[in-house]
Amino acid sequence: MQQFTDRQIEIMEAATNRISKYGIQNLTIKTLAEDIGLSEPALYRHFKSKNEILLSLLEYFKTEMKNRIQSISFKPTDTTADELRAIFNSQLQTFTNKPAIVSVIFAESIFHFDENLSNKVAEIMDMMQKYVKANITKGQEKGQYNKLIGASTLTTIIIGGMRMTVLKWKLSGHKSNLVKDGKTVLDGILKMIEKN
């Protein structure tokens with residue numbers, strides 16, 4: 001796992017703020033250096049390029065996400081569906097608190113020119129897919145979810161539904177309630193797959 005210096009984290013936070021305010025297109029080394037009162041050469045000592053900053057931001061989020069999801073504590077009485085709700089609730093809450101990270105993760109149109117960035121976004125997506133698929137598999141094995149649809153397909157349906165919800169929230173200028181809307185979508189899907 002990559003360790004970041006305090007200065008690098010400060011630069012990544014500033015980049016996140018700039019993306020939140022002006023969009024990912026307006027993130028440049030020049031404007032970022034101005035934002036934190038560094039000269040451009042000083043900033044280049046910490047990161048070689050704008051893409052390296054974005055890559056580090058994604059890596060930072062990936063590590064944070066893994067630690068956060070793995071530290072969710074479930075009660076013995078929780079069903080598999082409760083566990084899935086907790087995972088998504090945690091994820092959507094994080095997006096609500098840090099909307100810029102969504103801008104970075106959803107910037108595939110910019111990233112397809114940069115393999116490293118595309119790969120890092122793919123790693124984040126894969127990690128989320130693993131958590132969801134593990135939950136679906138467990139629920140099906142315990143007889144809490146029906147087995148009409150395979151775990152892989154269900155995972156795609158759930159992640160697709162959540163991704164659409166996040167995208168709508170992003171396009172609304174973060175005006176809708178992401179956590180509430182995400183819960184509604186997930187509850188709808190769970191109604192279809194949970195055994196009563």
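Here is a short exchange about the predicted model above.

Modeller: This is a predicted model: local features need pLDDT of at least 70, side-chain atom pairs need 80 or more, and totals for chains, interfaces and linings use all residues. Numbering starts from 1 along each chain as its sequence is written, and side-chain values use heavy atoms, without hydrogens or water.

Biologist: Is Thr 165 buried or exposed?

Modeller: Thr 165 sits in helix 9 (residues 151-171). Buried means under 20% relative accessible area and exposed over 50%, with partly exposed in between (1.4 Å probe, protein chains only). Its relative accessibility is 9%, so Thr 165 counts as buried.

Biologist: Which residues does Thr 165 touch, not counting those up to four places away in sequence?

Modeller: Contact means heavy atoms within 4.5 Å. With those sequence neighbours set aside, the residues touching Thr 165 are Leu 178, Asp 181, Gly 182 and Val 185.

Biologist: Which residues is Ile 158 in contact with, leaving aside neighbours within four places in sequence?

Modeller: Ile 158 is one of the core residues with the most contacts inside the core. Beyond its sequence neighbours, Ile 158 is in contact with Leu 84, Phe 88, Val 132, Ile 136, Leu 186 and Ile 189.

How values were computed:
Helix = DSSP H or I, 4+ residues; strand = E, 2+ residues; numbered from the N terminus. Core = buried A, V, L, I, M, F, W, Y, C linked by side-chain atoms within 4.5 Å.
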